[in-house]
Amino acid sequence: MAHKAFLLLLIKVREKMRNDMQLPVQKQMDRFLEELRTRGEVPRLLLHSCCAPCSSYVLEYLSPYFEIYDFYYNPNISPKEEYDERASELKRLIQAMPLPHPVHFVEGEYNPEEYYERVRGYEQCPERGERCRICFSMRLTESAKKCKELACDYFATTLTISPLKQAEVINEIGHNIGAQYGVNYLASDFKKRNGYQRSIVLSKEYELYRQSFCGCVFSKGVNHEES
Ligand code: SF4
């Protein structure tokens, strides 16, 4: 009986999420966070994180609502020293920030060979092209798997905070992968509400290392500050 009630609740939640998906992403997020606040629930969120600067605002924004598993899975980043530095800055940030609910750092496997294998043939694509889609897909697939493994309620990614990345492309990939693995993808556009600007302020406050390229070897020399 309890099992049936739970299934009905799950169907209702899924239906509501489908309806809410017609709204602009930030509005969906507003509604959802307000519901969590009203119900006093604190679900578990697997947050894929690309680096400390991008994570700073997202952690500040979402930590009042979720227990967060901060998943650093970025085999696209090269060289290894760069990957290690970003990981260590993220760990330092999590320790330093006053966060209302627990945030656990979880590191994925660093498997750059697999990344190079996946993007073979697309090395020369400009940013925002097919190579980046493959890169998002690889990182979000691993995040969905980790979300399931850790029994988290949702997964999301900090990638949408970058003004150089299209949130709609990332969200479409996230929703498809979520459906494939049977886990809930939380769509976002963290650059809204001045999220990106706030990440710059927080990066200064915590003296975070801010990289000058997206992450892969192909993006070196293409000057910007997010991954
Ligand atoms: S430019 Fe950034 S998103 Fe695109 S493939 Fe390289 S690391 Fe991935």
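This is a predicted model: local features need pLDDT of at least 70, side-chain atom pairs count only at pLDDT 80 or more; totals for chains, interfaces and linings use all residues.
Student: How are the strands of a sheet held to one another?

Tutor: Strands of a sheet pair through backbone hydrogen bonds, and the pairing is either parallel or antiparallel. In this structure, 5 strands form an open sheet with parallel pairing, in the order 3-2-1-4-5.

Student: Which are the edge strands?

Tutor: Strand 3 (103-107) and strand 5 (184-185) are the edge strands, since each of them pairs on one side only.

Student: Over how many bridges do strand 1 and strand 4 pair?

Tutor: Strand 1, residues 44-48, and strand 4, residues 154-157, pair over 4 bridges in the parallel sense. To find one place in this pairing, look at Leu47, whose bridge partner in strand 4 is Ala156.

Student: Which strands does helix 3 touch?

Tutor: Helix 3 packs on the sheet and touches strand 1, strand 2 (67-72) and strand 3. The direction of helix 3 makes about 165° with that of strand 2. Helix 4 lies across strand 2 and strand 3, and runs at about 165° to strand 3.

Student: How do I describe two helices that pack together?

Tutor: Two packed helices are described by the angle between their axes and the distance between the axes. Helix 3 (residues 52-62) and helix 4 (residues 80-96) pack at about 25°, and their axes are 9 Å apart.

Student: Are helix 3 and helix 4 roughly parallel or roughly antiparallel, and why?

Tutor: Angles under 35 degrees count as roughly parallel, so helix 3 and helix 4 are roughly parallel to each other. Their crossing is right-handed. Helix 3 makes the contact with Ala52, Ser55 and Ser56, and helix 4 with Arg86, Glu89, Leu90 and Leu93. By class, this contact of helix 3 with helix 4 has 3 nonpolar, 2 polar and 2 charged residues.

Student: At what angle do helix 3 and helix 8 cross?

Tutor: The axes of helix 3 and helix 8 (residues 195-205) cross at roughly 110° and come within 8 Å. Helix 3 is therefore roughly perpendicular to helix 8. On the helix 3 side, the contact is made by Pro53, Cys54, Ser56, Tyr57, Glu60 and Tyr61. Helix 8 contributes Gly195, Arg198, Ser199, Leu202 and Ser203. The residues of this contact divide into 5 nonpolar, 4 polar and 2 charged.

Student: Which residues are around the ligand?

Tutor: Asn76, Glu127, Arg131, Cys132, Cys135, Cys214, Gly215, Cys216, Phe218 and Ser219 are around the ligand. By class, this shell has 5 nonpolar, 3 polar and 2 charged residues.

Methods: Residues are numbered from 1 along each chain as its sequence is written. A residue is near a molecule or strand if its C-beta atom, placed from the backbone, lies within 6 Å of it. Ala, Val, Leu, Ile, Met, Phe, Trp, Tyr, Cys and Pro count as nonpolar, Asp, Glu, Lys and Arg as charged, and the others, Gly among them, as polar. Axes are lines fitted to C-alpha atoms, for helices over the stretch in contact, and angles run from 0 to 180 degrees between N-to-C directions. Helices (H or I, at least four residues) and strands (E, at least two) are DSSP runs, numbered from the N terminus. Angles under 35 degrees count as roughly parallel, over 145 as roughly antiparallel, 65 to 115 as roughly perpendicular and the rest as oblique. A crossing is left-handed if the near helix is turned anticlockwise from the far one by less than a right angle, and right-handed if clockwise. Two residues are in contact if their C-beta atoms, placed from the backbone, lie within 7 Å. Two strands pair if DSSP finds at least two bridges between them.
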